Amino acid sequence: MNALRLSLASFGNETRKGLLVAWSEKLQILLELPFFAVFLLMLGPLLGEGRLVAAGQVHWSLNSARTSDLVLWFVPFTFFYMQVVKLFWRLLGEIQSGTLEQVYLSPLPSWLIVAGGRVAAALAEAMLVAAALYGIISAFVPLHYHWSPAALLPAVLLVLTVIGFSLIIAGMTIRWKRIQMFNETAMIAVMIFSVSAIPLLHVPGWMADAGRYFPATNAIASLYGVMLGHRGVTAPWGPGGLIWILITAAAYLAAGIIAFRIFERAAKVRGSLAAY
Amino acid sequence: MTLPAPPAAGGSAVTARIAGNEAGKQGRLLMSRRGLVAFGVVAGGANFVLFRLLIGGGHISTEMVALTLPGLVLGWAFAATMAVQGAGDIAEEVLGGTLEQSQLSPARPSVLLAGRLAGLTGQGLAGAVVLGLVFGVGFGVHYTIGPGVLVPLLLTIADALGYALLMTALVLRVASIGAIVHVFNMAIMFFGGMVVPVYAFPHGVEMFARVLPTTLGVEALSTTLAGRGLGGAWTDGTLPWLIVHVVALGSLAWVTYLNTLRRARREGGMSPR
């Protein structure tokens, strides 16, 4: 009982710390938010219009269907960014200040502390950014979604997948420290291969096949199915199939925990958990 | 005890050596973080591929690569990288205490700065050239390349240096400079000709885009690369406005740098607060 209480207190403290760090980054989010909104509004008329762009004949009218597609594709990446990219910066800060070693005084497994403490903050930040984006963009063009509780299933599985991916990045961070550009590259690669989930775009077959193995593609395809296509989320196979999302979530979570343990062990052996 | 004043710079040989040391320091920093720089180049290329896929409907056309490659090379790979590296290096020097040490140098701030910018330019150019070659050769892009191309190219490099210097200067004054650089770089990426050619934007957005660093340079360069020569870039107004932009941004950056440096010396802003 006492161990459970200690564990919960420890997890709660990490979550609180994550939220405090998130609050301290509010200026950056406030600076970036309007730009994200402008970016999505302007990218809507350009989506899939390469020929018109080259000819300088883009119709700059806001199209509800296209913008809805884009926003639904982009929002999961706000969580991805908050969980993966910001976890990296936070860990680097903890390594520099020497507080990362304190994690090992906790009764909870280190991977749970590292990832778990960030999840609540990342979810809060992502929901705030998503809500603000939705508000700003829908002031210019109506966004049409089929709001269904079924969308929570791919959303939750996406969160688990991203947590797994973030643990791989976290492990690499404590092992190699300055991996920010690898981090950015990894995120863009995940975005590129998720493009196959956007209904308006037709990527080459090999790319669509490869996209299924990347963290966000299956969940985004499922979200498209339920929120734009009015379909269910329980179809087992195909783009966004439930089996694929479950396999992706389980595989990335397991890979993340294993990778974190391996990199953590290497960092402990080298004594580099607190050295910069 | 009174500290002896540092000796005055003894002529052009000493000045050149000091500037060379600064440039060499940047070169050594580049080598020490070559993995990071390489991933930066890969990230730039991946960003480009992502936008080409989104706008090309899932496919990448040679025409769109040709139209937007100058924006990638000069805007994102060169200007944005230099701003991040310049600001990051100064921030690291402040934290490490070495920025204060550099003030003991007998050379004027302009000499130290020239060396620093020369090193940064080399670093930025390395990534820009790699990306230009990979996409240019990889997609079989054909440009009309003549001596006239050098004019907008060099002016754009000067414009990018002005931008990087401004961001570097603001590190000493603005706490949230990381976020500001990020937002400016995103604006350069989106409006600077890398996502779509600037002429594709609505008129008002086109005007806004031209205020941003490197946009006018990318436009003037694209005109000359398309075979319309310097005359074409002059007639459509991009080249004269580029010259004005380079002078204005360079002057603003230089004045800001000197002011923030003076203020940091006076208020102790050169070491961690």
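The predictor assigns the complex an ipTM of 0.77 and a pTM of 0.80. For chain B, the mean pLDDT is 86, with 95% of residues at 70 or more. Within that chain, helix α9 (residues 215–235) has the highest confidence, at a mean of 94, whereas helix α4 (residues 98–102) has the lowest, at 77. Where pLDDT is low, the predicted coordinates should not be read in detail.

In chain A, helix α1 (residues 2–24) packs against helix α5 (residues 110–140) at an angle of about 45 degrees, and the two axes are 8 Å apart. Angles from 65 to 115 degrees count as roughly perpendicular and those under 35 as roughly parallel; α1(A) and α5(A) are therefore oblique to each other. Their crossing is right-handed. On the α1(A) side, the residues that meet α5(A) are Ser10(A), Phe11(A), Glu14(A), Thr15(A), Lys17(A), Gly18(A), Leu19(A), Val21(A) and Ala22(A). Their counterparts in α5(A) are Ile113(A), Gly116(A), Gly117(A), Arg118(A), Ala120(A), Ala121(A), Ala124(A) and Glu125(A).

Helix α9 of chain A (residues 217–227) is mostly covered, with ten of its eleven residues buried. The buried residues are Thr217(A), Asn218(A), Ala219(A), Ile220(A), Ala221(A), Ser222(A), Leu223(A), Tyr224(A), Gly225(A) and Val226(A).

The contact between the two chains involves 30 residues of chain A and 32 residues of chain B. On the side of chain A that touches chain B, the elements giving two or more residues are α2 (26–43), α3 (50–55) and α7 (180–194) of chain A. The most is given by α7(A), with eight residues.

Buried positions in α5(B) include the glycines Gly115(B), Gly119(B), Gly124(B) and Gly127(B). Leu113(B), Leu117(B), Leu120(B), Leu131(B) and Phe135(B) are buried as well, as are Arg116(B), Gln123(B) and Ala128(B). Just after this helix, Gly140(B) adopts a positive phi of about 60 degrees.

Definitions and conventions. Residues numbered from 1 in each chain as written. Chains lettered and ligands numbered in written order. Predicted model: local features only at pLDDT ≥ 70, side-chain atom pairs only at ≥ 80, totals over all residues. Buried ≥ 20, exposed ≤ 12 C-beta atoms within 10 Å, placed from the backbone. Helix = DSSP H or I, 4+ residues; strand = E, 2+ residues; numbered from the N terminus. pLDDT = per-residue confidence, 0-100. Axes fitted to C-alpha atoms, helices over the stretch in contact; angles between N-to-C directions. Parallel < 35°, antiparallel > 145°, perpendicular 65-115°, else oblique. Left-handed = near helix turned anticlockwise from the far one by under 90°. Contact = placed C-beta atoms within 7 Å.
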